[in-house]
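Got the viewer open and the selection tool ready? Let's take a walk through this one, stop by stop.

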Amino acid sequence: MKNKIYVVEGAHDEAKLKSIYKDIKVISINGSEINEDKVKSLIALKDEFEIVLMLDPDAPGNKIRNTLEKRIGNVKHIYFKKEDAISKNGKKVGIEHIDDQIIKEYLQYEIQNENKKSDLTMAVLYELELVGTPNSKEKRELITDHFHIGKSNSKNLLKKLIWLGINKKELLEVLINE
């Protein structure tokens with residue numbers, strides 16, 4: 001099993017992780033002004049380390065996540081709920097604001113961008129009313145919260161559920177029991 005390098009947006013996020021786990025390997029990429037040298041370093045290290053993207057649960061964080069995933073390739077993801085990452089004054093969103101216990105818990109919810117066996121299609125998401133109805137957004141949030149995959153539109157929801165190997169029966173169980 002490879003060692004891991006966690007990728008965060010900024011120095012405060014990096015300091016937060018190191019305050020929880022003193023020996024953690026973490027790299028901050030300088031927010032939306034992604035540091036090109038750090039990206040090249042991560043690409044060079046990906047054969048030796050698992051790269052885990054642990055970015056802020058907001059639009060800039062998602063943009064950075066998508067950029068890094070495309071550039072680096074085979075990465076893992078940890079998604080946090082936005083409401084857990086809001087600063088005390090309510091003005092900022094970041095990993096640095098997440099409670100230590102939540103960070104510790106979410107480290108177990110890594111997902112990898114690899115397609116696993118699944119019977120899910122966009123048609124199934126329509127059938128389960130995760131798309132195309134007035135309450136679809138609420139249903140998607142129920143699913144994303146249950147599987148710890150971050151708020152998602154229908155296209156991203158399908159992609160992440162396939163990464164996890166979730167099937168229609170599992171989705172139905174969550175929708176019925178939650």
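Before the first stop, a word on labels: helices (H or I, at least four residues) and strands (E, at least two) are DSSP runs, numbered from the N terminus. You are looking at a predicted model, in which local features need pLDDT of at least 70 and side-chain atom pairs count only at pLDDT 80 or more, while totals for chains, interfaces and linings use all residues. Residues are numbered from 1 along each chain as its sequence is written, and side-chain values use heavy atoms, with hydrogens and water left out.

**Stop 1**

Select Ser136, which belongs to helix H6. Is Ser136 buried or exposed? Its relative accessibility is 3%, so Ser136 counts as buried. Here buried means under 20% relative accessible area, exposed means over 50%, and partly exposed is in between (1.4 Å probe, protein chains only). Now show what surrounds Ser136: setting aside neighbours within four places in sequence, Ser136 touches Glu129, Leu130 and Val131. Contact means heavy atoms within 4.5 Å.

Click on Glu129 while you're here. Glu129 sits in the loop between helix H5 (122-127) and H6. Its phi is positive, about 60°, although Glu129 is not a glycine. With a relative accessible area of 36%, Glu129 is partly exposed.

**Stop 2: H6 meets H8**

Next, colour H6 (residues 136-147) and helix H8 (residues 168-177). They pack at an angle of about 105°, and their axes are 10 Å apart. Axes are lines fitted to C-alpha atoms, for helices over the stretch in contact, and angles run from 0 to 180 degrees between N-to-C directions. That angle makes H6 roughly perpendicular to H8. On this scale, under 35 degrees is roughly parallel, over 145 roughly antiparallel, 65 to 115 roughly perpendicular, and the rest oblique.

Which residues make the contact? On the H6 side, show Lys139, Leu142, Ile143, His146 and Phe147; on the H8 side, show Leu171, Val174 and Leu175. Sorted by type, the residues of this contact come out as 6 nonpolar, 1 polar and 1 charged. For that sorting, Ala, Val, Leu, Ile, Met, Phe, Trp, Tyr, Cys and Pro count as nonpolar, Asp, Glu, Lys and Arg as charged, and the others, Gly among them, as polar.

**Stop 3: the rings**

A pair of aromatic rings is described by the distance of the centres and the angle of the planes. Rings of Phe, Tyr and Trp (its six-membered ring) pair if their centres lie within 6.5 Å; planes under 30 degrees apart are stacked, over 60 edge-to-face, and the rest tilted. How many aromatic pairs does this rule give? The count is 2.

Select Phe80 and Tyr106: this pair is stacked, 5.2 Å centre to centre with 25° between the planes. The pair joins distant parts of the chain, 26 residues apart, with Phe80 in the loop between strand S4 (76-77) and helix H4 (100-106) and Tyr106 in helix H4. Both Phe80 and Tyr106 are buried.

Together, Phe80, Tyr106 and Tyr109 form one aromatic cluster.

Now look at Tyr79. The charged end of Arg65 sits over the ring of Tyr79, 4.2 Å from its centre. The charged end of Lys160 also sits over the ring of Tyr79, 4.0 Å from its centre. A charge sits over a ring if NZ of Lys or CZ of Arg is within 6 Å of the ring centre and within 35 degrees of the ring normal.

**Stop 4: the loop between S2 and H2**

Finish at Ile29, in the loop between S2 and H2. Ile29 has 0% relative accessibility, so Ile29 counts as buried. Beyond its neighbours within four places in sequence, its contacts include Val7, Val8, Leu42, Ile64 and Leu68.

Asn30 is in the loop between strand S2 (26-28) and helix H2 (36-45). Asn30 is partly exposed, with a relative accessible area of 49%. Its phi is near 75°, a positive value in a residue other than glycine.
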